[in-house]
Amino acid sequence: MTHVFHRSAKSLPPTAARGDGCYIVDADGKRYLDASGGAAVSCLGHSHPKVVQAIKEQLDRIAFAHTGFFTNEPLEKLADHLIARAPDGIEYVYMVSGGSEAVEAALKLAHQYFDEKKQRSKRWFIARRQSYHGNTLGALAVGGNMWRRDQFAPILIDSQHISPAYAYRDRRDDESLEAYGLRVADELETRIEELGAENVIGFVAEPVVGATAGAVVPPPGYFKRIREICDRHGVLLILDEVMCGMGRTGALFACEQDGVRPDILAVAKGLGAGYQPIGAMLCSAEIFETIRDGSGFFQHGHTYMGHPTACAAALAVQEVIEEENLLENVRDKGAKLMERLAARFGNDPHVGDIRGRGLFIGIELVADRSSKEPLDPALQIHAKIKRQAMEEGLMCYPMGGTIDGKRGNHILLAPPFIIDDAQVEEIVEKLGRAVDGAKQEAGL
Ligand code: PLP
């Protein structure tokens, strides 16, 4: 009996009782290796002493002070920390409580920016199919995750979608990876021209696509071309690094690895590593100054923005990442995990692609490797894998609808940055058994 409106109204998940490094221990004492960081959140595992201490110390000082009245030290320090490391030109941080809030703030700021510049015909956001930007109505509207948005389509703002950069499925045989990337990037220019640049606010994209398509890495040169197109047409580049950012791909900001600087950037998940709910919207000096010198006020806000305890936790997380040189571990263990997965699943006829960057890895499942035909969606292979993995004591993040919201399946892995070699082996072994078990259950 529960009074909680759980994610599934039909089933009850186990109770998480405590954290122990990369493991979650349930109320029965069973241990689960967190190979997905929940949903790419828990980058420092579940019991980092420095973060726990920072939260306790902040609570002893002050838990909360509304930002309509006060600023606070952890908020200021965290903003300084992020801006010192952010891409060139990004100078200001708007601290919120999660990823959807960060994306909503980004969309509204982009709109207000052009409004203050008196470019008032601008109203369109362009994004990509097979992307996810959050579940609030604005973020859901720009997102291209059909499975999540279809039901709510009648109440979503109108937005535009172009092709994802999804080379495994969409690159033509006669095309190099680079040529493919430029072809799909150029769809942005075509769409801007169709709509009229004077009507377009911004282009929204995840540098590495997360949950919807499973760690899809952009082709080389893709984002540079996107940046050029945005500049040519006076359209803002809004990057959503809620899942792929804050070190997950081996760089603090994923866009660094593609050599581009956005105008607005959203981060969350790894920012506070799950120790506290926090997200952030970062923007360029140009955008901030336009607001400052115009109305002087961003017409937005949430009660818990800039929350001192959340900021203290996030600051501690970010300091630990540097002190323990964890981005190097992300790159090192990411390469090792990729290699071990390739060895384990290399001959599996139902594994079509293993891809990703750093400790952000996707495994795409297929019915047939050479034709890339997806598995029958009715098999619900992703749900079976998740269940089998939990039985094995492994958390991973399998999803269906990889290709178009209905067809295709993948497994997303996003383990903590503190993972060691033995745990890499444990992930591969347990995942191997879970996939085999799910296939057997599905009659494959
Ligand atoms: N953007 C991306 C890329 C995400 O992956 C997510 C969550 O998975 C969000 C936005 C929404 O974040 P939240 O669930 O914290 O609201």
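A polar contact here is a pair of N or O atoms within 3.5 Å; within protein, one must be able to donate a hydrogen and the other to accept it, and residues adjacent in sequence count only if both atoms are side-chain atoms.

First, the ground rules. This is a predicted model, where local features need pLDDT of at least 70, side-chain atom pairs count only at pLDDT 80 or more, and totals for chains, interfaces and linings use all residues. Residues are numbered from 1 along each chain as its sequence is written, and side-chain values use heavy atoms, with hydrogens and water left out.

Now the ligand. Which backbone contacts it? A backbone N or O atom of Gly99 sits 2.8 Å from a ligand oxygen. Ser100 uses its side chain: an N or O atom there is 2.6 Å from an oxygen of the ligand. Tyr132 brings a backbone N or O atom to 3.5 Å from a ligand nitrogen. On its own, the ligand has 390 Å² of accessible area (Shrake-Rupley method, 1.4 Å probe). The protein covers 81% of that.

Who else is around? The surrounding residues (a heavy atom within 4 Å) include His133, Glu206, Asp240 and Lys269.
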